[in-house]
Amino acid sequence: MSDLPQLSGEQVHELDRAHVFHSWSAQDLIDPLPIESAKGVRFTDYAGTEYLDFSSQLVNVNIGYQHPRLVAAIQEQAGRMATLAPGFANDMRSEAARMIAEKAPGDLEHVFFTNGGAEANENALRMARIHTGRHKILSAYRSYHGATAGSIALTGDPRRWASEPGMPGVVRYWGPYLYRSAFYATSEEEERDRALQHLRDTIAVEGPQTIAAIILETVVGTNGILVPPDGYLAGVREICDEHGIVMIADEVMAGFARCGEWFAIDHWGVTPDIITFAKGVNSGYVPIGGTIVSGAIRETFGPKPYPGGLTYQGHPLACASAVASMRIFEDEGVVEHSRRMGEEVIGPRLAEIEAKHPSVGEVRGLGTFWALELVKDPQTREPLVPYNASGEAAAPMGAFAAACKERGLWPFVHFNRTHVVPPCVIEEDDLRAGLDILDEALEVADGYV
Ligand code: PLP
């Protein structure tokens, strides 16, 4: 006998509208699609419509849906031990930490587990503040770091506005983004050099002795898949070393095969002091995240207690799923596959799409982490207006998204961009089919140029 009721699609929708308080959107405006099942790179609604997922949900289902080995591992762990407080040692917690430490660069060998990405950033900033005895945190304008009190204050994009004034001590800076350069740069090298100079100037006027950390998304995610120019992250590392500032790389979205490496920062061979992770580590099958810290930061909390913890951190089900997921990544070569799909399929096909459609201003990305930036005017680079007065995705971006969905593709649409972020395991045929749909749907966007 099962304790889980079988609801119809109508019941799911009705109960959702009556009782579920959703995130971000205005409650009365949203109309969430009830999803009945999912498998591989597709999910299906109660009407039986199947969608090829080009969004990986919130860019976290790196391994695809219902991976049989991952589901089996969670079931097995639930049968063995379904819960255990963080103060005890646990086999899966130890093994997950060992595997993550093994994959992380340099001496990042100590894992503080959390239940997701925002909590990972919250703890990173507290650790950096206590470690340095300083209070300011530098964070980029084009960034998202989560929706808890501290992490929304670290966030640079407009999602923070409604939560301001927020946490004191956050200072913002511009990161590199050549297409819309804050520095009037005309080449990647110029953008890199000017962005680093701007960071040095910001530190100088803020007072280096007051700055605990610089937090950045190694490859910026929801703000547009901004791949840093070569040498930028090494430059930030150098600046941090010069001033005793902790370098925090937020890899919540960019890590675990998304960029074709275990950690995105491996592309540039830089070791930060802290990496935060979540999402791709187990594709969200059970909530998990964490803060991986260097030996020096770990040592601060040898004699000194770390004043923070979470009832469910290092949860056995979550850790077991992370262990199984990392083993599947290894056995199935998911990291290499993601990199290859980016280099051989997504990159070249998007270059064709960019050349064909006047609404595509720029394409950029790596691995299975790409963005198309849509513009009203390719000359002025004016973005396609994405939202109507009530905050819904309206034409043209809403119309573009609808055109994708009508053709069975679930797109990731944010502001004036669509991101190509399918599960990292997607096979070439599915990827090409999805890119063909995107190509067709862009005719809608072209109509607004
Ligand atoms: N950091 C980055 C770069 C993210 O993209 C996100 C979520 O999208 C977060 C942090 C927050 O993670 P979570 O939603 O698991 O709290």
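View 1. The C-alpha centres of domain 1 and domain 2 are 25 Å apart. The model is predicted. Domain 1 takes in residues 9-66 + 333-447 of the protein chain. Domain 2 covers residues 69-332.

**View 2. Where domain 1 touches domain 2.** On one side of this contact are 28 residues of domain 1, and on the other are 27 residues of domain 2. Five elements are listed on the domain 1 side, each giving two or more residues: α2 (56-59), α11 (334-356), β11 (360-366), β12 (369-377) and β16 (417-420). Helix α11 contributes the most, with five residues. By class, the domain 1 side has ten nonpolar, twelve polar and six charged residues.

**View 3. The shell around the ligand.** The ligand is surrounded by 16 residues. The closest are Gly 116, Gly 117, Ala 118, Gly 146 and Val 252. Helix α5 (residues 117-132) gives the most to this shell, with three residues. Six residues of the shell are nonpolar, eight are polar and two are charged.

**View 4. Helices α7 and α8.** Helix α7 spans residues 188-206, and helix α8 spans residues 232-243. Their axes come within 10 Å and cross at roughly 20°. Angles under 35 degrees count as roughly parallel, so α7 and α8 are roughly parallel to each other. The crossing is right-handed. From α7, the contact uses Arg 192, Ala 195, Leu 196, Leu 199, Arg 200 and Ile 203. From α8, Tyr 232, Gly 235, Val 236, Ile 239 and His 243 take part. Seven residues of this contact are nonpolar, two are polar and two are charged.

**View 5. Helices α11 and α13.** Helix α11, which also gives five residues to the side of domain 1 that touches domain 2, packs with α13 at an angle of about 15°. Their axes are 11 Å apart. The angle therefore makes α11 roughly parallel to α13. The two helices make a right-handed crossing. Met 341, Val 345, Ile 346, Arg 349 and Ile 353 form the α11 part of the contact. The α13 part consists of Glu 428, Leu 431, Arg 432, Leu 435, Leu 438, Asp 439 and Leu 442. Eight residues of the contact are nonpolar, none is polar and four are charged.

**View 6. Helices α12 and α13.** Helix α12 (residues 397-406) crosses helix α13 (residues 428-446) at roughly 145°. The two axes come within 8 Å. This crossing is right-handed. Helix α12 supplies Ala 399, Phe 400, Ala 403 and Cys 404 to the contact. Helix α13 supplies Ile 437, Leu 438, Ala 441, Val 444 and Ala 445. The contact has nine nonpolar residues, with no polar and no charged ones. Leu 438 of α13 belongs to this contact and also to the contact with α11.

**View 7. A cis peptide bond at Pro 165.** The bond that joins Glu 164 to Pro 165 is cis. Its omega is near 15°. Pro 165 sits in a loop, with α6 (149-154) on one side and β6 (170-173) on the other.

**View 8. A positive phi at Gln 66.** Gln 66 has phi near 50°, a positive value in a residue other than glycine. The loop between α2 and α3 (68-80) holds Gln 66.

Key. Residues are numbered from 1 along each chain as its sequence is written. This is a predicted model: local features need pLDDT of at least 70, side-chain atom pairs count only at pLDDT 80 or more; totals for chains, interfaces and linings use all residues. A residue is near a molecule or strand if its C-beta atom, placed from the backbone, lies within 6 Å of it. Helices (H or I, at least four residues) and strands (E, at least two) are DSSP runs, numbered from the N terminus. Ala, Val, Leu, Ile, Met, Phe, Trp, Tyr, Cys and Pro count as nonpolar, Asp, Glu, Lys and Arg as charged, and the others, Gly among them, as polar. Domain bounds come from an automatic or database domain assignment. Two residues are in contact if their C-beta atoms, placed from the backbone, lie within 7 Å. Axes are lines fitted to C-alpha atoms, for helices over the stretch in contact, and angles run from 0 to 180 degrees between N-to-C directions. Angles under 35 degrees count as roughly parallel, over 145 as roughly antiparallel, 65 to 115 as roughly perpendicular and the rest as oblique. A crossing is left-handed if the near helix is turned anticlockwise from the far one by less than a right angle, and right-handed if clockwise.
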